[in-house]
Amino acid sequence: MPTIRKISAQEAIIVRHPVLRDGKPIESCHFDGDDLTTTQHFGLYESEILQGVISLFENIHPLFEEKYQMQIRGMAVLENNQGKGFGKLLVTHSEQILKTKKTDLIWFNARENAVGFYQKMGYEIIGNSFDIPNVGIHYVMWKKLGR
Ligand SMILES: CC(C)(COP(=O)(O)OP(=O)(O)OC[C@H]1O[C@@H](n2cnc3c(N)ncnc32)[C@H](O)[C@@H]1OP(=O)(O)O)[C@@H](O)C(=O)NCCC(=O)NCCS
């Protein structure tokens, strides 16, 4: 049975690196705000091994009017364990946590190839695609959280 618990930014980077920044310097896996007290990192463990990570940042996107917005960053599941429902568990867990913490809306910059994954969980694209240099084509995606 997979379990999800709070982890540090350093632990999140262990999974971010091979999945999101493969072959790039480890420094490229550090995100601004990783160590803020308002930022939360969660890890999914199976057999006590960290398999997937997600990070939640307090961040307002100018496209949205909601007062309490959170941004998902660094969503990653180790390649050998993708497609087993771990990513979905991490997003669902985050939504449940944020619902209890006044969040009105979740948004993020989704990689083109992950758009279908997020759409399955009710997230929508807003606006046109854009390029993040060295990472690729992205879309802003969002979902309102009912409280
Ligand atoms: C995208 C990612 C986080 C998804 O996590 P995962 O554990 O592989 O996905 P899950 O097994 O939880 O999939 C949940 C559902 O989404 C579907 N799905 C998963 N990845 C998908 C994709 N890339 N496109 C479309 N659908 C996808 C699954 O088939 C599953 O559907 P079901 O509920 O009907 O069975 C993971 O594959 C990953 O780390 N990919 C590489 C890094 C990446 O792109 N991160 C996102 C950056 S924005």
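A salt bridge is taken here as a side-chain nitrogen of Lys or Arg within 4 Å of a carboxyl oxygen of Asp or Glu. The structure is a predicted model, in which local features need pLDDT of at least 70 and side-chain atom pairs count only at pLDDT 80 or more, while totals for chains, interfaces and linings use all residues. Residues are numbered from 1 along each chain as its sequence is written, and side-chain values use heavy atoms, with hydrogens and water left out.

**Salt bridges**

Side chains of opposite charge can pair when their charged atoms come close.

| Pair | N to O distance |
|---|---|
| Glu-48 and Arg-5 | 3.1 Å |
| Arg-16 and Asp-34 | 2.9 Å |
| Lys-144 and Glu-66 | 3.3 Å |

Helices (H or I, at least four residues) and strands (E, at least two) are DSSP runs numbered from the N terminus. Glu-48 and Arg-5 form a salt bridge. Because Glu-48 lies in the loop between β2 (40-46) and β3 (49-58) and Arg-5 in strand β1 (residues 3-7), this pair ties together parts that are 43 residues apart in sequence.

Burial is expressed as relative accessible area (1.4 Å probe, protein chains only): buried is under 20%, exposed is over 50%, and partly exposed is in between. Glu-48 is exposed at 57%, and Arg-5 is partly exposed at 35%.

Arg-16 pairs with Asp-34. Arg-16 belongs to helix α1 (residues 9-20) and Asp-34 to the loop between α1 and β2, so the pair links parts that are 18 residues apart in sequence. Both Arg-16 and Asp-34 are buried.

Lys-144 pairs with Glu-66. Lys-144 is exposed at 52%, whereas Glu-66 is buried at 18%.

**Ligand surroundings**

There are 21 residues around the ligand, and Gly-85, Gly-87, Lys-88, Asn-113 and Lys-120 come nearest; a residue counts as near if one of its heavy atoms lies within 4 Å. Helix α3 (115-120) is among the elements that each supply at least two residues of this shell, and α3 gives the largest share, four residues.

Polar contacts are pairs of N or O atoms within 3.5 Å. A backbone N or O atom of Gly-85 lies 2.7 Å from a ligand oxygen atom, and one of Gly-87 lies 2.8 Å from a ligand oxygen atom.

How values were computed. Polar contact = N/O pair within 3.5 Å; in protein donor to acceptor, adjacent residues only side chain to side chain.
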